[in-house]
Amino acid sequence: LDGVSDASRYKVYIVSGTHPEMMAIWDLYNTMRLICEQWKNDENLEALRWQCEFYIIPLSGSYCVANASRTNYNGVDLNRNAPSTDWVQTAIGTNTYSGEAAASEYETKVFVHYMEQIQPQVFIDHHNTYAASDLGVLTYITSRKKSCVDVAASHISTMTRRWKKRFSNVLPDNNVIFGSHPARG
């Protein structure tokens with residue numbers, strides 16, 4: 001696998017820390033640490049190590065994380081501010097306010113700039129969810145290519161089965177949700 005050329009590697013763009021979800025940042029750090037340190041011991045990690053080129057923004061909403069706020073300094077939810085074919089302006093003053101226009105926020109402009117420069121095959125917006133009464137984990141995969149979604153979904157499924165066996169008290173079956181969705185045109 002170490003003979004894979006740079007041109008044949010999948011470009012994977014990962015964004016985390018958009019909202020004050022500390023577990024997402026911590027999980028991203030540990031995932032990358034495992035890929036860097038344990039790739040010789042696991043075929044999935046080895047494939048990720050040698051077949052992927054990672055581009056990471058570990059803390060895309062620094063104001064949100066520092067202030068434990070879902071919105072930035074302008075009251076905008078950065079996820080709702082990302083430009084898409086179905087972007088809509090949501091009500092000002094709510095914690096899901098999408099901004100004056102798509103990509104109106106500085107953080108979103110940075111995200112879009114790198115998306116255009118990198119042209120990734122796989123994009124991951126890394127989140128975690130937590131409510132006081134229930135622990136939930138959501139994994140969402142998107143890509144322009146169905147084959148990339150299939151590879152990522154297979155890896156997540158394989159690793160989750162292993163983690164559930166090893167950490168059954170943390171990942172009980174009824175609290176884990178997996179999802180994959182090819183990118184919309």
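Mentor: Let me begin with one term: a contact means heavy atoms within 4.5 Å. This is a predicted model, in which local features need pLDDT of at least 70 and side-chain atom pairs count only at pLDDT 80 or more, while totals for chains, interfaces and linings use all residues. Residues are numbered from 1 along each chain as its sequence is written, and side-chain values use heavy atoms, with hydrogens and water left out.

Trainee: OK, which residues is S16 in contact with?

Mentor: Leaving aside neighbours within four places in sequence, S16 is in contact with A24, I25, L28, I57, P58, L59, S60 and H126. S16 is found in strand β1, residues 10–16, where helices (H or I, at least four residues) and strands (E, at least two) are DSSP runs numbered from the N terminus.

Trainee: And is S16 buried or exposed?

Mentor: S16 counts as buried because its relative accessible area is 0%; buried means under 20% relative accessible area, exposed over 50%, and partly exposed in between, with a 1.4 Å probe and protein chains only.

Trainee: How many helices and strands are there?

Mentor: The protein chain has 6 helices and 6 strands, and from the N terminus on they run β-α-α-β-α-α-α-β-β-β-α-β. Of the 185 residues in the chain, 36% are buried.

Trainee: What about helix α1, what should its 17 residues span?

Mentor: Helix α1, residues 22–38, should span 24 Å at 1.5 Å a residue, and its end C-alpha atoms are 23 Å apart, so the two values agree. The expected span is 1.5 Å times one less than the number of residues.

Trainee: Which residues of α1 are buried, and what do they pack against?

Mentor: The buried residues of α1 are A24, L28, N30, M32 and I35, and they pack against β1, α2 (43–51), β2 (52–57) and β3 (122–126).

Trainee: Which residues make up the largest nonpolar core?

Mentor: A nonpolar core is a set of buried Ala, Val, Leu, Ile, Met, Phe, Trp, Tyr and Cys residues joined through side-chain atoms within 4.5 Å. The largest one here has 11 residues, namely V12, I14, L28, M32, I35, W39, L45, L48, W50, C52 and V122. At least two residues of this core come from each of β1, α1 and α2. Apart from it lies another core of 8 residues, among them Y13, V15, I57 and I118. In soluble globular proteins, nonpolar side chains tend to be buried together.

Trainee: Switching topic, how many salt bridges does the structure hold?

Mentor: The structure holds 3 salt bridges, a salt bridge being a side-chain nitrogen of Lys or Arg within 4 Å of a carboxyl oxygen of Asp or Glu. One of them joins the side chains of R33 and E37 at 3.4 Å, N to O, and both residues lie in helix α1, 4 residues apart, about one turn of the helix.

Trainee: And which side chain does D77 meet at 3.0 Å?

Mentor: The side chain of D77 meets that of R70 in a salt bridge at 3.0 Å, N to O, and D77 also forms one with R80, the closest N and O atoms being 3.3 Å apart. Salt bridges that share partners join R70, D77 and R80 into one network. D77 is buried because its relative accessible area is 0%, whereas R80 counts as partly exposed at 36%.

Trainee: Last one, how many disulfides does a search find?

Mentor: A search of the whole structure finds 0 disulfides, a disulfide being a pair of cysteine sulfur atoms within 2.5 Å. C36 is exposed, with a relative accessible area of 55%, while C52 counts as buried at 12%.
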